[in-house]
Amino acid sequence: MRIVTKGYILGACLLVFFLVTAAYAATYGAKKRRPKPHEYGAVVINNFSAKNRMRPVVFPHWIHRAKHTCRLCHVDIGFAMRAGGTEITEDDNKAGLYCGACHNGTVAFAPKETSAKGETVENCDRCHSYRKEGIPFKNDFYEFKKGMPQGRFGNGIDWLKAEDEGRVKLVDYLEGVSIRRQKLKNPEDIEISAKETGMPDIIFSHRKHAIWNGCELCHPEIFGVNRGEVKYTMQDIFDGKFCGACHDIVAFPNSDCQGCHTKPVF
Amino acid sequence: MNPEKTFVGKAVVCNGIASRPREAVLWNLLMSLGILFLLLSASTSWGEEEVPWKDEFERLCGYTDVATTLDVPQLTELITDCDRLLERLEMLNDPKKKTYIFRTKKCRDLFRFILETKGG
């Protein structure tokens, strides 16, 4: 009898917790339609395409982050952290910038290639693919996902585990574009722990984030100088600021509360 | 320093240029030598500036990963050098310049951030 009551109480508590969390998530940003796993992290780029009678470009993060670090693209190649923010043009690509740093027939397919039979193959559609059916993509998301550790949110892939298990190997250097940086003698120096304790019950590995993203991506654009007090709230994060500049867009989403909060937040 | 003496000296020189040709020749020679010297020193300092912009970029941004280990004078110097490099990049006629401007700014702003966290 005793045990049963305890069970009820525990159950009720859990129920309340889930309801509150759901309500909280609903009042904040999570109202948006949840993207399908293959759509998560897809960026539509359309500054110039439609104006020039081309379909807008769809940039899938999944295939790229499975091969390269965030830093390679967002620091070395120089892509902005905002859809359309870079203002890429086809001339830039031809000059070896932006997409053209890789999509040049060496690292990845070029806009125009010559097939084995000597015919010219145009790959325009593979990038300019917005709302077009039947494009012969080479990479299929759901095939790829089968071989990856599953996650509950976002792409439905646990990217960290995939990296830890060596299922994805991330390239962080592109010849001719990346530079050789001076290395810390003691990599533990990145562990600037002092301020991390300013966020109780939040998991945040400075070191891991620095390896993926590079310091310049976060400082000072996303995280400026910290003057001590708590400067940002969960609402800011739901609004796409601070941690929300990456989480909910490309990294695991904000609906995964326990991904960041070690303890239930209520 | 004796101000009177300086004054006297100047007066003599002015006088010399105006009136005596031989001294004028000497004066010209001295001036030319002076200018030559100035030009030479300027051109050597240009020579220093002529480190190819890409090498300078790689040197400066090469410090980003170790930025927290640098002291205030080092960071301040890096920031000044980044600003100088940015001026050079702005003048380039190269399609790649916009990405290098973007990257140099990112490095400079990181150095500035680290400097500020160090109270500099």
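This is a predicted model: local features need pLDDT of at least 70, side-chain atom pairs count only at pLDDT 80 or more; totals for chains, interfaces and linings use all residues.
Entry 1, the two chains. I found 24 residues of chain B in contact (heavy atoms within 4.5 Å) with 32 residues of chain A. In chain B, B:Asp65, B:Lys106 and B:Phe113 lose the most area to chain A, together 26% of what that side buries. Between them the chains bury about 2,300 Å², 60% of it on carbon and sulfur atoms; buried area is the accessible area (1.4 Å probe) that two parts lose on being put together, summed over both.

Residues are numbered from 1 along each chain as its sequence is written, and chains are lettered from A in the order in which they are written. Local features need pLDDT of at least 70, side-chain atom pairs count only at pLDDT 80 or more, and totals for chains, interfaces and linings use all residues, while side-chain values use heavy atoms, with hydrogens and water left out.

I counted 4 salt bridges across the interface, taking a salt bridge as a side-chain nitrogen of Lys or Arg within 4 Å of a carboxyl oxygen of Asp or Glu. A:Asp76 and B:Arg103 form a salt bridge through their side chains, at 3.9 Å from N to O.

Helices are DSSP runs of H or I, at least four residues, numbered from the N terminus. In helix 3 (residues 70-77) of chain A, 7 of 8 residues are buried, meaning under 20% relative accessible area (1.4 Å probe, protein chains only). A:Asp76 is one of the buried residues. Their cover includes helix 5 (97-117) of chain B. After the helix comes A:Gly78, with a positive phi near 95°.

How values were computed. Buried means under 20% relative accessible area, exposed over 50%, partly exposed in between (1.4 Å probe, protein chains only). Helices (H or I, at least four residues) and strands (E, at least two) are DSSP runs, numbered from the N terminus.
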